[in-house]
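Hello,

Here is the structure I promised to send over. Have a look at it first, and then read on for what turned up in it.

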Amino acid sequence: TTGISGEGLDSIPVLKQLEKLNLGNCWDLTNTGLLQLLAKCSSTLKELNLCRTGISGEGLDSIPDLQLEILDLSSNQNMTDTGLLQFLAKCSSTLKDLDLNKTGISGEGLDSVRVLKLEILRLESCWKLTNEGLLELLAKCSASLEELRLHGSCISGGCLADWIQRNEALGKLRRLGFNSCENVTEEDEARIRAALPQCEVL
């Protein structure tokens with residue numbers, strides 16, 4: 001936890017060897033500051049932790065593509081669908097692990113994002129996540145996804161079961177969690193288990 005905003009870094013040289021950047025709990029971090037930081041390490045950075053910051057993710061259009069494999073955006077109350085879209089546009093070809101736990105994203109509006117290679121997707125307690133948004137996300141990464149966490153979200157188990165059965169998708173999924181999902185019935189869970197026999201359903 002620090003009080004840095006990330007701004008005013010124009011004069012520092014490019015950080016050619018930086019692979020991990022942990023800015024978790026930096027409440028004063030601004031979108032402008034994040035932009036300046038990423039501009040210094042975009043070609044090497046593989047892991048970025050932005051949990052519990054005030055950033056929205058918007059305004060990333062000007063930075064080069066990122067090589068991120070792990071992106072933690074959890075507990076960002078200001079995170080927007082537009083911001084998520086801009087992040088994914090910058091690292092869609094490399095990202096494997098995306099944490100959106102406790103953010104206000106709906107998941108909708110991702111049509112322009114290229115196919116993702118995500119292996120882990122965390123959407124626990126995303127109170128604004130819609131059925132349409134979830135299905136848009138899954139459509140982008142169903143071929144590679146191994147773990148999906150939906151605990152505490154409002155998604156419909158019937159909608160998810162229908163999509164899985166209709167698309168014969170998520171063949172690599174090994175773990176699916178939806179504890180405390182009020183809209184998932186026992187019947188929904190049974191259908192999902194039958195459609196994903198290789199998957200541990202929690």
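Leaving out residues up to four places away in sequence, G157 touches N183, V184, D188 and I192, where contact means heavy atoms within 4.5 Å. G157 lies in helix α4; helices (H or I, at least four residues) and strands (E, at least two) are DSSP runs, numbered from the N terminus. At 0% relative accessibility, G157 counts as buried. On the scale used here, buried means under 20% relative accessible area, exposed over 50%, and partly exposed in between, with a 1.4 Å probe and protein chains only. The C-alpha atom of G157 is separated by 6.6 Å from that of T185, although the two are 28 residues apart along the chain.

Before you go further, please keep in mind that this is a predicted model: local features need pLDDT of at least 70, side-chain atom pairs count only at pLDDT 80 or more, and totals for chains, interfaces and linings use all residues. Residues are numbered from 1 along each chain as its sequence is written, and side-chain values use heavy atoms, with hydrogens and water left out.

Now to the sheet. It is open, has 8 strands in the order β1-β2-β3-β4-β5-β6-β7-β8, and its pairing is parallel. Its edge strands are β1 (20-22) and β8 (200-201), each pairing on one side only. Two strands are taken to pair if DSSP finds at least two bridges between them. For example, β5 (residues 120-122) and β6 (residues 147-149) pair in the parallel sense over 3 bridges, and L121 stands opposite L148 in β6.

Next, the inside. A nonpolar core is a set of buried Ala, Val, Leu, Ile, Met, Phe, Trp, Tyr and Cys residues joined through side-chain atoms within 4.5 Å. The largest one has 59 residues, and those with the most contacts inside it are L73, F87, L98, L123 and L150. Helices α1 (31-41), α2, α3 (131-141) and α4 (157-167) each supply at least two residues of this core, with the largest share, 5 residues, coming from α3. In α3 the buried residues are G133, L134, L135, L137, L138, K140 and C141, and what covers them includes β5, β6 and α4. As for L73, its contacts beyond four places in sequence include L50, I55, F87 and L98.

Which charged side chains meet? A salt bridge here is a side-chain nitrogen of Lys or Arg within 4 Å of a carboxyl oxygen of Asp or Glu, and the count comes to 7.

- R122 and D97 have their closest N and O atoms 2.6 Å apart. R122 lies in strand β5 and D97 in strand β4 (residues 97-99), so this pair ties together parts that are 25 residues apart in sequence. R122 is buried at 17% relative accessibility, and D97 is buried at 14%.
- R175 and E200 meet at 3.4 Å, N to O. Here the pair joins strand β7 (residues 175-177), which holds R175, to strand β8, which holds E200. R175 is partly exposed at 37%, as is E200 at 39%.
- E189 and R193 meet at 2.8 Å, N to O. Both lie in helix α5 (residues 186-195), 4 residues apart, about one turn of the helix.
- E124, E147 and R149 are linked in a network of salt bridges.

If you are wondering about cysteines, the structure holds 0 disulfides, a disulfide being a pair of cysteine sulfur atoms within 2.5 Å. C51 is in none, and its nearest cysteine sulfur, that of C26, is 9.1 Å away. C51 is buried at 7% relative accessibility. The sulfur of C199 is 13 Å from the closest cysteine sulfur, in C141, which is too far for a bond.

Last, the loops. R52, in the loop between β2 (47-49) and β3 (70-72), has a positive phi of about 55° although it is not a glycine. R52 is partly exposed, at 38% relative accessible area. S75, in the loop between β3 and α2 (81-91), also has a positive phi, near 60°, but S75 is buried at 13%.

Best wishes
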